[in-house]
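Please keep the viewer open as you read.

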Amino acid sequence: MPETSRRADRLPGSRYGTRPTMKDVAARAGVGLKTVSRVVNGEPGVTPDTERRVQEAIDALGFRRNDSARVLRKGRTASIGLVLEDLADPFYGPLSRAVEEVARAHGALLINGSSAEDPDREQELALALCARRVDGLVVIPAGDDHRYLEPEIRAGVATVFVDRPAGKIDADVVLSDNYGGARDGVAHLIAHGHRRIGFIGDMPRIHTAAERLRGYLAAMEDAGIDVDGAWTSLGMTDPERVRRAAEEMLSGPAPVTAIFAGNNRVTVTVIRVLAEQHRPVALVGFDDIELADLLHPGLTVVAQDSALLGRTAAERLFRQLDGTLLAPERIELPTRLVTRGSGELPPAE
């Protein structure tokens, strides 16, 4: 009987066969379990002919080593977890890739998932990864209370937060200079003659949104500009909400002449709204977007390096695992203003 049929017969009615074990390999190769173990783990003491027979049995059965026993012996799974806000957000692609590259350089596997900006989902996902005994976690937090991770950290799970700080625990965090970047972007608009500048951002409970609003307000205060309450809008970044906010700012007897967009999702919707306007409106966005240089005019942005955020956080994580770090640290990376034309438009009065 063919091997595939024999394995399928073990679980009648199932689409799946049972996984072959080292015992199956030993029986097929006509050797003992210890010999199979030596071959699987690359240990000496096996003749070339025996090693060949064992390898042939492994290939025929599709055997894969179960690392659970190795985990118990060594205390490491050679895997880390990454909890993102939204896997579909272009900002997180380079960040995730950078974490994966650092993990790979350390011989570790990356497992990631999305919290969908839901604190409960974040906690569920992070604890599920810990239950699978990952060695460490890189977390982009959705919530503001991370005391649920304290037992895991005490148990040795290395943990680094990125993009936003942890809530109610002392932990390593790698951030961009959200406040300074927003302040520079708004100051740039002011330098080009704008006094009525709108700010559209994410939900105020999110650290990055709050810091970027703070930077906007600081730049306006530095210039001696009183901010009208109608010039700021924070909330969900869905297109309908952002469109409504932008249209309200651009209407009335004294509309804004420029908008500072608080993140890439806001920026995309604002670009669509401005394309429908009959007068030029200046725009600076926080975060770069694809094809920004091909717009007319090109999009001026405050750019942050998401890949550097991910790489710095992952390197910090593995330094924790190596035992070379002591006290948690807050690392803040600089942003840069990229001028392409949209932020240099003069006010249209």
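Buried stands for a relative accessible area under 20%, exposed for over 50%, and partly exposed for what lies in between, with a 1.4 Å probe and protein chains only. By that scale L87 is partly exposed, because its relative accessible area is 47%. The model is a predicted one, in which local features need pLDDT of at least 70 and side-chain atom pairs count only at pLDDT 80 or more, while totals for chains, interfaces and linings use all residues. Residues are numbered from 1 along each chain as its sequence is written, and side-chain values use heavy atoms, with hydrogens and water left out.

**The loop at L87**

L87 sits in the loop between β1 (79-84) and α6 (92-105); helices (H or I, at least four residues) and strands (E, at least two) are DSSP runs, numbered from the N terminus. Setting aside neighbours within four places in sequence, L87 is in contact with N112, G113 and S114, where contact means heavy atoms within 4.5 Å. From L87 to E101 there are 14 residues in sequence and 17 Å in space, C-alpha to C-alpha.

**The sheet and its helices**

Now to an open sheet of 6 strands, ordered β7-β6-β8-β9-β10-β12 with mixed pairing; two strands pair if DSSP finds at least two bridges between them. Because β7 (232-234) and β12 (336-338) are at the edges and have a single partner strand each, one side of each is left without a neighbour in the sheet. From one strand to the next, the twist averages 15 degrees. Inside the sheet, β6 (residues 197-201) and β8 (residues 258-261) pair in the parallel sense over 4 bridges, and I200 stands opposite A261 in β8.

Two helices lie across these strands. Helix α12 (residues 264-274) lies across β6, β8 and β9, at about 160 degrees to β9. Axes here are lines fitted to C-alpha atoms, for helices over the stretch in contact, and angles run from 0 to 180 degrees between N-to-C directions.

**A cavity and a pocket**

On a 1 Å grid over the protein atoms alone, a cavity is a set of points where a 1.4 Å probe fits but cannot get out; a pocket is an open set with protein on both sides within 12 Å along at least five of seven lines, and lining residues have an atom within 4 Å of a point. Grid points are joined across faces, edges and corners, and a volume is the space filled by probe spheres set on the points. In the table, Ala, Val, Leu, Ile, Met, Phe, Trp, Tyr, Cys and Pro count as nonpolar, Asp, Glu, Lys and Arg as charged, and the others, Gly among them, as polar.

| Space | Volume | Lining by class |
|---|---|---|
| Largest cavity | About 150 Å³ | 5 nonpolar, 6 polar, 8 charged residues |
| Second largest pocket | About 360 Å³ | 6 nonpolar, 3 polar, 6 charged residues |

Which residues lie nearest the centre of the largest cavity? They are T208, R212, N263, R265 and D287, out of 19 lining residues. Helix α10 gives the most to this lining, with 3 residues. T208 is in helix α10 and is buried, with a relative accessible area of 7%.

The second largest pocket is lined by 15 residues, and P90, F91, N264, D288 and I289 are the closest to its centre. Here α12 gives the most to the lining, with 3 residues.
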